[in-house]
Amino acid sequence: MTKIGFIGLGNMGLPMAKNLLKAGHQVKGFDLAEASREAARAAGAEIAQSIAEAARGVDVVVTMLPAGKHVRGVYLGGDGVIANADPGTLLIDSSTIDVESARDVAKAATEAGFDMVDAPVSGGVGGAEAGTLTFMAGGPDQAFQRAAPILDIMGGKIIHAGGPGNGEAAKICNNMLLAISMIGVSEAFVLARKLGVDDQVLFDISSTSSGRCWSLDTYCPVPGPVPASPANRGYQPGFAADMMLKDLRLAKDAAKSTGADTPLGLKSEDLYAKLSSDGHGGLDFSGIFKMLNGELR
Ligand code: NAD
């Protein structure tokens, strides 16, 4: 049995912590929100009263927080994880954050003698509940080897993406690609309709031709061809457009700081920002089809 401090018990963190409990591990949880603390207590976790208390006396600390500023706040400073964890504690941050914050926090952890990995996920709340998340982990080999058995309980696939921050880097590159492909597929359906081609006909052709991709053949943004896709349930998420927008902004920042030229990533961010500012950020990200098709005016 491993003792795990779990900080950030929201939509993703709570079900992830529940899977650790189910696997027989001891979880000491902390969240700023009382409702989250109570939900974790009801699931069998011990509840800490502070970040420092959650970090002390455990073998592993897992964090699942909204953004880079929260991760910096939780790990750094006198009240943070790094100042309070016992020597030898393994640190795992699964939040989706900017690469720079991930690398800064990992550097501070390494300098203080801790093994740390950034291990963001894809798979959403459904994947967190089912324990089938994909983890993209960044950090030294030794830290990754220690983290893998813990990640394995919460996930179905664990990939070592390289050194510190590379988990975050891989995740935002993947999601930028996903946004671009979803917009591309949506535009193809918009044009095909204007040209008098049925959705199903375009699907049958493109899903077996050079245009095929996951956004088309598994997550089709028009109702009909893929019964399980969000298009068939009023575009309820799934993966919300606002979450995609967050990841596209992280990709934009990363492109700016590295000098990478990502014109389609930037255009995708514009389009998702419009979807969001028009009040539709809660739709699944495949709802971009409705905007491009003029259904949201
Ligand atoms: P959430 O807002 O539901 O949960 C975050 C939790 O962190 C909240 O309960 C909040 O109270 C807590 N928190 C914030 N600051 C804290 C602090 N200083 N100390 C303790 N607790 C604090 O968000 P979520 O949907 O669980 O997402 C968490 C992370 O996972 C995000 O980085 C998100 O981008 C990523 N992610 C989410 C999904 C998804 O579908 N929800 C999918 C993949 C990745």
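An oxygen atom of the ligand is 2.9 Å from a polar backbone atom of T96. Such a polar contact is a pair of N or O atoms within 3.5 Å. This is a predicted model, in which local features need pLDDT of at least 70, side-chain atom pairs count only at pLDDT 80 or more, and totals for chains, interfaces and linings use all residues. Residues are numbered from 1 along each chain as its sequence is written, and side-chain values use heavy atoms, with hydrogens and water left out.

Here are contacts to oxygen atoms of the ligand.

| Residue | Atom in the residue | Distance |
|---|---|---|
| T96 | polar backbone atom | 2.9 Å |
| P66 | backbone N or O atom | 3.1 Å |
| K246 | polar side-chain atom | 2.8 Å |

Taken alone, the ligand exposes 830 Å², and the protein buries 84% of that (Shrake-Rupley method, 1.4 Å probe).

Now the shell. The ligand has 23 residues around it, each with a heavy atom within 4 Å. N11, M12, D31, L65 and K246 come nearest. The elements that give two or more residues to this shell are α4 (68-75), α7 (124-130) and α12 (241-258). These helices are DSSP runs (H or I, at least four residues), numbered from the N terminus.

Where does the ligand lie relative to domain 1 and domain 2? Domain 1 (3-162) and domain 2 (169-292) both give residues to the shell, so the ligand lies between them. The domain bounds come from an automatic or database domain assignment.

Next, the backbone. Y235 is in the loop between α11 and α12. Y235 is not a glycine, yet has a positive phi of about 60°. G238 is found in the loop between α11 (214-217) and α12. The peptide bond from P237 to G238 is cis, with omega near 15°.

Terms used: Polar contact = N/O pair within 3.5 Å; in protein donor to acceptor, adjacent residues only side chain to side chain.
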